[in-house]
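Subject: A structure for you to look at

Hi there,

Here is the structure I promised to pass on to you. Have a look at it first, and then read my notes below.

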Amino acid sequence: MSITRPPLPVPSVPISALAIVALAAAALAVSGCKSMPGYPKPGPEIPRPDAVLDFPTLYKESCSGCHGENGLNGAALALNNPAYLAVAGPDNLRKVTANGVPSTLMPPFARSAGGMLTDQQVDAIVQGMLKTWGRPADFASVALPPYAATAPGNPEAGQKVFLAACARCHGDDGAGLHSTSPGHPANPDTGHGSIVNPSFLALVSDQGIRSFVLAGHANQHIPDWRGYLTGPGAHPLSPQEISDVVAWVAGHRQTAVAPAAGSQSASTSTASKLHSPTPHSPAKEKP
Ligand code: HEC
Ligand code: HEC
């Protein structure tokens, strides 16, 4: 499996950084165990690894470290989510599982892409996710937004969507709600860390952000894209609103682009270190 990249230096920021550390550790665990001396060789009692087509076994061995046991509560997106599965559909699931997501911690699994699973095993995982966790009947009469953006989003329009749909939990600027923020909800758990900081954005793809929005926030009682807006005039986020709000969040990545050599400033050094081939100097994030 080609997920043996070294752990990335992660600045000390809330939640997102913890998730990244957890993912990196899981990546090492997944890649490390099969190459350890003493890892059981295929024998009469143990089926050859590529003969395994049982979804729970395949999922547990290859995916649960990052996406959580039974597809829930992992550091990466919960895949045990009927709305997400309905929107993504078999083709997108197969493509991502086979080829991974470049520049993120999602590794490729198909042998053709450098992974360890046969095409049959990739299929078994995709069909297993849809059969075990999908509920297509619930979405038969729902207008599903497109999985991928069909046109570029408009970040300015997206800021308005963010203020209406997201700011109550992520803060007006996306940097998180703190107990000192005006209007901090009584329940402190409703607040969340920054979703615009460079260390989060450097490791998540635009589709990754979009998928979080499509899939909803089950822990926050937001089932999917239909549940963000509340009160009078509430409606499901439209495909355009989804693209716009993703463009606004992703737009903060610009501040994380590594500058030309010699012009490195304190605020951009984190991002360039994240992309450095020798990630051993501890990166320090400014608050
Ligand atoms: C080392 C951690 C890791 C492992 C192991 C892993 N994933 Fe992922 N996966 C991620 C991350 C991180 C993302 C988000 C990538 C992004 O930003 O787009 C992701 C994204 C995905 C997505 C796409 C979500 C979307 O945006 O539509 C699917 C589907 C997926 N993974 C399935 C799997 C399956 C199936 C397995 C096991 C065969 C697996 N993953 C194993 C970390 C992992
Ligand atoms: C009711 C509160 C609430 C609302 C509204 C909300 N979020 Fe979140 N969001 C959270 C919490 C809490 C988390 C972390 C835990 C989770 O996934 O439920 C989170 C996680 C995320 C993440 C993943 C960050 C990470 O560190 O992995 C993204 C991206 C995100 N939200 C974007 C949005 C966007 C965009 C909107 C508006 C369309 C939105 N959220 C609306 C509470 C909320």
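An axis here is a line fitted to C-alpha atoms, for helices over the stretch in contact, and angles run from 0 to 180 degrees between N-to-C directions. On the α4 side, the contact is made by Pro 82, Leu 85, Pro 90, Leu 93, Arg 94, Thr 97 and Ala 98. Facing them from α5 are Val 122, Ile 125, Val 126, Met 129, Leu 130 and Trp 133. Two residues are in contact if their C-beta atoms, placed from the backbone, lie within 7 Å. By class, the α4 and α5 contact has 11 nonpolar residues, 1 polar and 1 charged. Nonpolar covers Ala, Val, Leu, Ile, Met, Phe, Trp, Tyr, Cys and Pro; charged covers Asp, Glu, Lys and Arg; the others, Gly among them, are polar.

Before going further, please keep in mind that this is a predicted model: local features need pLDDT of at least 70, side-chain atom pairs count only at pLDDT 80 or more, and totals for chains, interfaces and linings use all residues. Residues are numbered from 1 along each chain as its sequence is written, while chains are lettered from A and ligands numbered from 1 in the order in which they are written.

Now the overall picture. The protein chain has 11 helices and 0 strands, where helices (H or I, at least four residues) and strands (E, at least two) are DSSP runs numbered from the N terminus. Of its 287 residues, 34% count as buried. Buried means 20 or more other C-beta atoms within 10 Å of a residue's own, exposed means 12 or fewer, and partly exposed is in between, with C-beta atoms placed from the backbone. Taking contacts between residues at least 6 apart in sequence, 63% join residues at least 24 apart.

Two further helix pairs are worth a look. Helix α2 (residues 55-62) packs against helix α5 (residues 119-133) at about 105°, with axes 9 Å apart, so α2 and α5 are roughly perpendicular. Here Phe 55, Leu 58 and Tyr 59 of α2 meet Gln 121, Ala 124, Ile 125, Gly 128 and Thr 132 of α5. That contact divides into 5 nonpolar, 3 polar and no charged residues. The axes of α4 and α9 come within 8 Å and cross at roughly 125°, which means that these two helices are oblique to each other. Ala 83, Tyr 84 and Val 87 in α4 meet Ser 211, Leu 214 and Ala 215 in α9. The classes there are 5 nonpolar, 1 polar and no charged.

What about the ligand? Around ligand 1 there are 29 residues, and Cys 63, Cys 66, Met 106, Gly 208 and Ser 211 come nearest. A residue is near a molecule if its C-beta atom, placed from the backbone, lies within 6 Å of it. Elements giving two or more residues to this shell are α1 (16-35), α3 (64-67), α4 (82-99) and α9 (206-215). The shell divides into 20 nonpolar, 9 polar and no charged residues. Ligand 1 lies between domain 1 (16-37 + 50-139) and domain 2 (155-256), because both give residues to the shell. Those domain bounds come from an automatic or database domain assignment.

Finally, some single residues:

- Asn 99 lies in helix α4 and is partly exposed, with 18 other C-beta atoms within 10 Å. Leaving aside neighbours within four places in sequence, Asn 99 is in contact with Pro 108, Ala 110 and Ala 113.
- Ile 195 sits in the loop between α7 (167-170) and α8 (198-201) and is buried, with 22 other C-beta atoms within 10 Å. The C-alpha atoms of Ile 195 and Gly 174 are 5.8 Å apart, although 21 residues separate them along the chain.
- Asn 70, in the loop between α3 and α4, has a phi near 55°, a positive value in a residue other than glycine.
- His 221 has a phi near 60°, also positive in a residue other than glycine. With 8 C-beta neighbours inside 10 Å, His 221 counts as exposed.

Happy exploring!

How values were computed:
Parallel < 35°, antiparallel > 145°, perpendicular 65-115°, else oblique.
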